[in-house]
Amino acid sequence: MQNQRNVILAVVLTGLLLLGWEGAMRWFYPQAAVAPKQAATAPAEPGKPTREGGLLNPADIALEKKDLRAELAAGNRVPIDAPGLKGSINLKGALIDDVSLARHTETVEKGSPLVRLFSPAGTPAQHYAQMGWVGEGIAAPDANTVWTADGAKLTPQTPVTLRWSNTTGQTFSIRYAIDADYMITATQTVANTGATPVVVKPFALVSRTDKTASLDTWQLHSGPIAALDGSVTFDNNYSTVTEAPGQALPLKGATNWIGFTDIYWLSALIPDAGSKAESALRSTAPGLFRADLIFPNVSVAPGKQQSQNVRLFAGAKENTVLEKYEAAGVTNFSLSIDWGWFRWFEKPIFWLLDSLFKLVKNFGVAIILLTLVVRGVMFPIAQRQFASMAAMRALQPKMKALQERYKDDKQKQQQEIMELYKREKVNPLAGCLPIFLQIPVFFALYKVLTLAIEMRHQPFVLWIKDLSAPDPAHILNLFGLLPFDPPGFLAIGVLAILLGITMWAQFKLQPAAMDPAQQQIFAFMPWIMMFVMAPFAAGLLLYWITSNVLTIAQQKYLYSKHPQLKAQTDKDQQDIDRVATREKKATTGQKPKAR
């Protein structure tokens with residue numbers, strides 16, 4: 001009866017896990033929904049942000065296309081044409097408000113548009129940067145000022161300078177230069193040809209909406225970000241800034257850089273070292289946020305000019321690019337990737353995986369090779385594990401004798417068993433060591449596949465076009481041939497099934513548990529994990545499947561080196577099967593056959 005209750009409990013818990021898993025996955029890892037075909041004015045509730053971010057409301061998506069088309073068609077812009085960035089600078093306000101990422105597309109489909117990072121002010125997806133001044137007693141340019149440009153296009157080879165003059169003899173200019181990646185350098189200059197000194201305060205800002213924000217969780221930060229006094233802080237998010245609407249939330253410490261991050265994208269302002277710039281965050285309107293970089297007052301004497309440099313990063317958080325800027329003096333810029341507490345372990349895993357990818361040019365193959373490296377490193381530990389298992393099996397008769405002798409005194413029984421372990425020099429936990437060692441590798445790979453843009457849209461073979469996304473080949477809709485999407489916990493793909501099969505085969509090779517209830521649980525476990533892991537990144541499942549296959553091969557090899565363990569395992573399984581048969585006959589009222 002006790003065993004039956006255990007089995008029933010295991011089945012109930014399994015059911016709860018399967019039913020609750022879809023809701024948990026939708027909450028923590030929502031995917032972008034396909035906009036339904038409806039009128040652009042149809043009301044829609046705002047959805048939960050997705051892993052990549054972007055507009056979710058169908059009305060906003062339609063309005064963004066319309067507004068963006070109108071804004072860009074109005075002209076009065078300087079095109080941006082660089083290897084990393086495409087777009088334009090708006091001469092009205094000198095706003096950098098049209099930026100797309102040349103190396104990244106929205107989807108894996110052929111002809112997919114480039115990822116758009118910046119959109120003009122007033123559009124549903126507004127996100128832009130502005131450099132300017134606040135004047136004391138003089139007219140300074142503002143968001144409505146129309147500038148003149150000395151160049152036709154901003155490229156890495158052709159910087160562009162914007163100029164505007166007031167009526168009191170001051171000329172303001174912003175020289176924009178761009179590199180081959182995602183960095184724009186702005187040199188703000190005030191030339192005073194008037195008769196008296198003037199005082200101005202340079203500033204730079206990034207403004208954005210949270211409608212396009214990516215998912216913000218306890219382990220993946222999305223929102224305001226800054227490096228202060230050399231330390232990257234993830235303390236603020238959109239909700240904390242909203243708590244003081246219209247008021248600045250000053251950040252304490254010397255500002256190394258400040259801006260907004262999504263899981264894959266970053267817009268950040270970087271002052272020159274030693275510029276004594278102050279920074280603040282603020283909510284300028286419901287759903288609109290701003291990161292400010294404010295420089296000290298500058299006094300410009302007659303006939304003189306003063307300049308101030310600030311850099312704008314607007315791009316993808318590619319680790320090598322961030323590390324390059326970090327080496328050039330941008331403090332801890334690579335930590336804008338939210339590696340978390342275990343970056344000391346995750347970054348080496350990422351480095352190894354990225355190095356293997358550069359070698360073989362396929363991330364799926366790189367993941368398989370990474371698994372081979374991990375299993376190879378742990379092979380000596382696995383040998384110890386099997387030796388320990390063989391020793392444990394040899395102790396089974398003595399352990400059974402102790403259990404029978406002290407069956408009424410569990411404490412004494414446990415003490416005697418521990419003494420037996422000591423005398424025989426057997427460590428019962430040795431068999432768990434390889435599993436514990438794999439956990440940090442698995443978690444590190446999970447983090448890498450989740451936040452490293454290098455894995456985004458990387459194909460493997462056949463139908464797997466994106467290793468950072470779930471397996472799209474669902475069994476229940478015949479791999480997309482039937483016109484419906486299965487619910488989350490039934491969206492079982494080929495990789496999830498292979499995971500279940502390989503885990504089942506792996507468990508079959510392990511010594512069976514003596515308790516029939518435990519046997520039932522282990523029998524369920526592979527198929528539970530098949531459901532649980534199905535919504536995870538295909539690359540993660542590929543790692544686990546490869547690890548299972550290598551474990552099976554390793555177990556067969558080590559069984560051949562320890563035949564006594566295999567023989568004992570087979571004998572134990574026969575004993576367990578006989579006990580299970582007797583219990584089954586007892587519960588059904590059948591009498592066991594005489595032997």
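This is a predicted model: local features need pLDDT of at least 70, side-chain atom pairs count only at pLDDT 80 or more; totals for chains, interfaces and linings use all residues.
**Salt bridges**

Who is the partner of Asp 292 in a salt bridge? It is Arg 282, and the closest N and O atoms of the two are 3.0 Å apart. Arg 282 sits in strand β16 (residues 278-285) and Asp 292 in strand β17 (residues 288-294), so this pair ties together parts that are 10 residues apart in sequence.

A search of the whole structure finds 16 salt bridges.

| Salt bridge | Distance, N to O |
|---|---|
| Arg 282 and Asp 292 | 3.0 Å |
| Lys 86 and Asp 81 | 2.5 Å |
| Asp 150 and Arg 163 | 3.8 Å |

Take the salt bridge of Asp 150 with Arg 163. The pair links distant parts of the chain: Asp 150 belongs to the loop between β6 (148-149) and β7 (160-165), Arg 163 belongs to strand β7, and 13 residues separate them. Asp 150 is partly exposed, with a relative accessible area of 48%, and Arg 163 is partly exposed too, at 41%. For the salt bridge between Lys 86 and Asp 81, the values are 31% for Lys 86, which counts as partly exposed, and 30% for Asp 81, which also counts as partly exposed.

Salt bridges can also join up: Arg 103, Asp 181, Glu 318 and Lys 324 are linked by them in a network.

Now look for Asp 98, which has its place in strand β3. Is Asp 98 buried or exposed? With a relative accessible area of 6%, Asp 98 is buried, because buried means under 20%. Its side chain makes a polar contact of 2.6 Å with the side chain of Ser 88, and another polar contact, of 2.8 Å, joins it to the side chain of Arg 116. Leaving aside neighbours within four places in sequence, the residues in contact with Asp 98 include Leu 72, Ile 80, Lys 86 and Phe 118.

**Aromatic rings**

The whole structure holds 17 aromatic pairs. One of them is formed by Trp 133 and Phe 172: the pair is tilted, with 5.0 Å from centre to centre and 55 degrees between the planes. Trp 133 lies in strand β5 (residues 127-136) and Phe 172 in strand β8 (residues 170-178), 39 residues apart, and the pair links these distant parts of the chain. Trp 133 is buried at 3% relative accessibility, and Phe 172 is buried at 0%.

The rings of Phe 342 and Phe 443 have their planes at 85 degrees and their centres 6.2 Å apart, so this pair is edge-to-face. Phe 342 is in the loop between α4 and α5, while Phe 443 is in helix α9 (residues 433-451), 101 residues apart. Phe 342 is partly exposed, at 40%, and Phe 443 is partly exposed as well, at 29%.

Ring pairs also build a cluster, made of Tyr 182, Trp 257, Phe 313, Tyr 325 and Phe 333.

**Helix α4**

Tyr 325 is also one of the buried residues of helix α4 (residues 319-327), together with Asn 319, Val 321 and Leu 322. Seen down the axis of α4, these buried residues fall within an arc of 165 degrees, so they line one face of the helix. They pack against β3 (95-105), β9 (183-192), β19 (305-316) and α5 (343-360). After α4 comes Gly 329, with a positive phi near 120 degrees.

How values were computed: Residues are numbered from 1 along each chain as its sequence is written. Side-chain values use heavy atoms; hydrogens and water are left out. Buried means under 20% relative accessible area, exposed over 50%, partly exposed in between (1.4 Å probe, protein chains only). Helices (H or I, at least four residues) and strands (E, at least two) are DSSP runs, numbered from the N terminus. The arc is that of the directions from the helix axis to the C-beta atoms. Contact means heavy atoms within 4.5 Å. A polar contact is a pair of N or O atoms within 3.5 Å; within protein, one must be able to donate a hydrogen and the other to accept it, and residues adjacent in sequence count only if both atoms are side-chain atoms. A salt bridge is a side-chain nitrogen of Lys or Arg within 4 Å of a carboxyl oxygen of Asp or Glu. Rings of Phe, Tyr and Trp (its six-membered ring) pair if their centres lie within 6.5 Å; planes under 30 degrees apart count as stacked, over 60 as edge-to-face and the rest as tilted.
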